[in-house]
Amino acid sequence: LTKKVEMTNWEKGHFINYGKMHENLQIVRSRLNRPLTYAEKILYSHLDDPHGQDIERGKSYLKLRPDRVACQDATAQMAILQFMSAGMPSVATPSTVHCDHLIEAQIGGEKDLERAYNINKEVYDFLSTSCAKYNIGFWKPGSGIIHQIILENYAFPGGLMIGTDSHTPNAGGLGMAAIGVGGADAVDVMANLPWELKAPKVIGVKLTGKMGAWTTPKDIILKVAGILTVKGGTGAIIEYHGEGVNNLSCTGMATICNMGAEIGATTSVFPFNDRMYDYLAATKRTAIGDFAREYAAGLREDEGAEYDELIEIDLNELEPHINGPFTPDLATPISKFKEAVKANNWPVDLKVGLIGSCTNSSYEDMSRAASIAQDALDHGVKSKAVFTVTPGSEQIRATIERDGQLKTLEDFGGMVLANACGPCIGQWDRRDVKKGEPNSIISSYNRNFTGRNDANPATHAFVASPDLVVAMSLAGTLDFNPLVDTLKDKDGNDFQLKAPGGAGLPANGYDPGQDTYQAPPEDRAQLNVAVSPTSDRLQLLEPFNAWDGKDALDLPILIKAQGKTTTDHISMAGPWLKYRGHLDNISNNMLIGAINSANGEANKVKNFTTGETDAVPATARDYKKKGIRWVVIGDWNYGEGSSREHAALEPRHLGGLAIITRSFARIHETNLKKQGMLPLTFSNPEDYDKIQPADKVDLLCTELAVGKPMTLRVHPEKGGDTFDVSLSHTFNEGQMEWFKFGSALNMMAKKNAA
Ligand code: SF4
């Protein structure tokens with residue numbers, strides 16, 4: 001294993017180092033002396049200090065050296081702004097930036113892209129110049145969605161990557177441990193600091209058998225989501241294994257890993273197999289495939305490896321599923337779906353079907369979708385619902401254009417959107433229904449939280465395989481099961497759809513389409529990155545204040561949030577995406593989606609200094625102006641959803657000190673720590689109920705110590721007796737420094753300067 005193979009065709013001098021990984025693993029093996037899961041092998045072979053590192057799943061914090069960093073345009077702005085404040089000439093770890101999130105779907109691909117170029121010029125210019133300056137590969141608007149581009153060009157078996165997007169785990173389809181993080185973590189790795197991750201537990205999913213004609217890899221993850229729920233994967237890597245794995249395409253495995261984010265998993269991985277080799281070969285990386293074959297024993301679980309939890313799925317028995325509405329873990333098999341629609345009174349008319357996105361836009365997905373569409377066209381019928389197609393990358397778009405699937409989908413009634421996130425992230429100028437009108441849509445995307453796609457809280461969004469999306473769009477109703485029901489052809493005769501079919505990989509190879517990549521130049525010293533001081537989209541960062549070393553007394557509760565509080569509730573996406581590079585402006589969306597337990601409403605809280613009810617951000621600003629720090633009380637799994645660190649930066653910027661919840665989603669918890677905030681949990685979750693929104697609290701910050709609880713002293717508003725509540729936290733020594741310095745970045749800049 002002495003040979004060197006380049007990590008990607010797009011860069012020179014960055015090699016896959018299976019030899020070194022093997023050495024590291026031998027060191028860890030001799031210490032642990034037990035069989036390892038594949039997920040463990042990837043992580044432990046990337047340890048910064050394999051000799052000295054404590055290793056206990058679910059307990060230790062691993063210090064890791066990722067191979068790569070990937071950022072999408074919405075998160076890259078803040079990541080690069082932060083990297084700039086660390087004062088380094090170029091990134092220390094190979095990195096790429098992908099322009100995909102800021103393109104709004106309105107009238108179709110090319111026009112929408114042109115509009116996006118105009119609207120976002122300032123941001124694209126900032127990203128393209130800063131990428132050139134700091135030696136970062138830049139994928140221009142129109143190139144495609146980050147996870148698709150990574151799979152096509154950068155992912156490799158056994159690799160470790162972090163990405164500033166929750167669906168980074170998509171690369172697990174190529175056997176890579178790819179983990180979604182906040183921009184602040186990306187900055188660490190770009191700046192050559194080891195990256196810290198709590199050693200995940202490993203949940204095994206054993207697949208046996210072979211899927212039926214209408215079942216797809218998507219249905220595996222829809223089923224797993226139903227079993228594990230949105231919290232079930234928290235703190236764990238989901239590791240697929242078993243002979244059933246070999247019956248899945250590489251891109252299908254990527255779909256499964258992608259949606260592992262919906263169950264809160266740290267990431268998901270598949271072991272290296274021939275299907276991955278085929279995909280590597282099809283994407284011009286045969287040398288990587290051959291190298292991986294040499295190291296194959298390191299790229300799968302050991303015989304007898306133990307999982308913290310084991311789920312078994314017999315693919316022979318697995319039905320297609322539809323998950324939703326409003327949450328991705330409400331899983332219903334297609335045979336029960338009609339009943340569920342009726343029983344729950346979900347709007348039965350299907351208004352829109354959307355296929356594609358980073359989750360499901362592979363050649364296989366598009367080919368199967370097109371086969372159903374063609375079947376419909378052969379019967380003289382088309383989509384009844386509005387139907388959109390989002391290719392995941394320029395390469396996919398160009399290839400399905402060349403091979404005819406795109407035309408079939410257009411003939412079927414499809415509007416082809418830009419190779420970008422579009423409606424998946426709320427970048428959708430939807431016009432077919434009014435705000436507030438209950439309606440149903442179905443997509444092959446991954447997420448379906450309230451309001452995510454079209455900002456209409458009455459939209460019932462379902463997720464399913466592209467096959468089902470096409471079939472249901474054709475029927476125009478949720479009341480349809482393509483496996484058994486018939487439709488009317490153009491003459492009114494009944495027909496049943498044929499089972500979908502289509503090639504996994506293009507027989508004639510991929511067509512790269514337009515050149516959408518900007519490599520960083522050799523000579524970068526003279527390049528300038530300009531940020532206009534008058535810009536309302538970009539703002540250089542000011543360091544936060546360090547901790548004053550004291551307990552914090554008499555703090556108001558800005559809001560006691562009840563129920564689901566996702567990062568979409570804390571820092572809404574959609575129209576706010578444009579302020580991702582401007583902390584002060586984007587802070588005007590802070591917590592505007594969270595439900596106030598005092599009144600059951602969003603964005604209405606009482607300002608205790610004035611007695612007035614006002615918006616959450618306005619109230620926080622008022623407190624900040626008056627020098628009053630504040631806390632938020634939150635419910636279970638607070639901050640689930642995405643990795644955006646704005647959800648942590650905003651409360652910090654507007655004067656928050658602590659977020660106190662029943663539990664946290666992992667990425668958000670770390671993000672809060674990085675920004676110098678205190679994410680704390682009730683040691684006894686029932687204490688959540690003891691606190692009233694208008695109470696005041698003392699937070700005994702001087703008690704902060706590793707593994708020790710901290711006291712919250714509650715002064716009830718209604719004049720009752722003061723009482724204490726115990727709070728837990730997951731700070732380790734290093735992370736406590738972040739709190740003390742005011743943020744991780746403050747600490748880094750001080751250390752770089754020293
Ligand atoms: Fe884009 Fe949606 Fe994929 Fe996120 S989940 S990268 S928003 S397509």
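Among contacts in the protein chain between residues at least 6 apart in sequence, 77% join residues at least 24 apart; two residues are in contact if their C-beta atoms, placed from the backbone, lie within 7 Å. The model is predicted: local features need pLDDT of at least 70, side-chain atom pairs count only at pLDDT 80 or more, and totals for chains, interfaces and linings use all residues. Residues are numbered from 1 along each chain as its sequence is written.

The protein chain contains 23 helices and 34 strands. These elements are DSSP runs numbered from the N terminus, a helix being H or I over at least four residues and a strand being E over at least two. The radius of gyration of the protein chain is 25 Å, close to the 27 Å given by the globule rule for 754 residues, so the chain is as compact as a globular protein of that length. That radius is taken over C-alpha atoms, and the globule rule is 2.2 Å times the number of residues to the power 0.38. Along its principal axes, the C-alpha trace spans about 75 × 60 × 55 Å. Of the 754 residues, 57% count as buried. A residue is buried if 20 or more other C-beta atoms lie within 10 Å of its own, exposed if 12 or fewer do, and partly exposed in between, with C-beta atoms placed from the backbone.

The domain assignment divides out domain 1 (321-495) and domain 2 (552-753); such bounds come from an automatic or database domain assignment. The centres of domain 1 and domain 2, taken over C-alpha atoms, are separated by 38 Å. Contact between them involves five residues of domain 1 and five residues of domain 2. On the side of domain 1 that touches domain 2, the residues divide into three nonpolar, one polar and one charged. In this classification Ala, Val, Leu, Ile, Met, Phe, Trp, Tyr, Cys and Pro count as nonpolar, Asp, Glu, Lys and Arg as charged, and the others, Gly among them, as polar.

The ligand is surrounded by 13 residues, the closest being Ser357, Cys358, Cys421, Cys424 and Ile425. A residue belongs to this group if its C-beta atom, placed from the backbone, lies within 6 Å of the molecule. By class, the shell around the ligand comprises seven nonpolar, four polar and two charged residues.

Leu409 is part of helix 15 (residues 405-411). With 27 C-beta neighbours inside 10 Å, Leu409 counts as buried. Apart from residues up to four places away in sequence, Leu409 touches Ala369, Ala370, Ala373, Val389 and Gly414. Leu409 and Ala369 are 40 residues apart in sequence, yet their C-alpha atoms are 7.8 Å apart in space.

Several backbone details deserve attention. The peptide bond from Gly324 to Pro325 is cis, with omega near 0°, and Pro325 is placed in the loop between strand 14 (321-323) and strand 15 (331-333). Asp554 and Leu591 each have a positive phi of about 60° although neither is a glycine. Asp554 lies in strand 24 (residues 552-560) and is exposed, with 12 other C-beta atoms within 10 Å. Leu591, by contrast, is buried, with 31 C-beta neighbours inside 10 Å, and is found in the loop between helix 18 (583-586) and strand 25 (595-596).

For residues 556-684, UniProt lists "domain: Aconitase A/isopropylmalate dehydratase small subunit swivel" in an unreviewed entry. UniProt positions are given in the numbering used here, feature names are shortened, and annotations may be inferred rather than shown by experiment. Over residues 556-684 the chain is 27% helix and 22% strand, and the end C-alpha atoms are 21 Å apart.

Phe664 is found in the loop between strand 30 (656-661) and helix 21. Phe664 counts as buried, with 24 C-beta neighbours inside 10 Å. Not counting residues up to four places away in sequence, Phe664 touches Tyr638, Gly639, Glu669, Pro679 and Thr681. The C-alpha atoms of Phe664 and Gly634 are separated by 8.9 Å, although these residues are 30 apart along the chain.

Nine of the nine residues of helix 21 (residues 666-674) are buried, so this helix is largely enclosed by the rest of the structure. Its buried residues include Arg666, His668, Glu669, Lys673 and Lys674. Helix 21 is followed by Gly676, whose phi is positive, near 85°.
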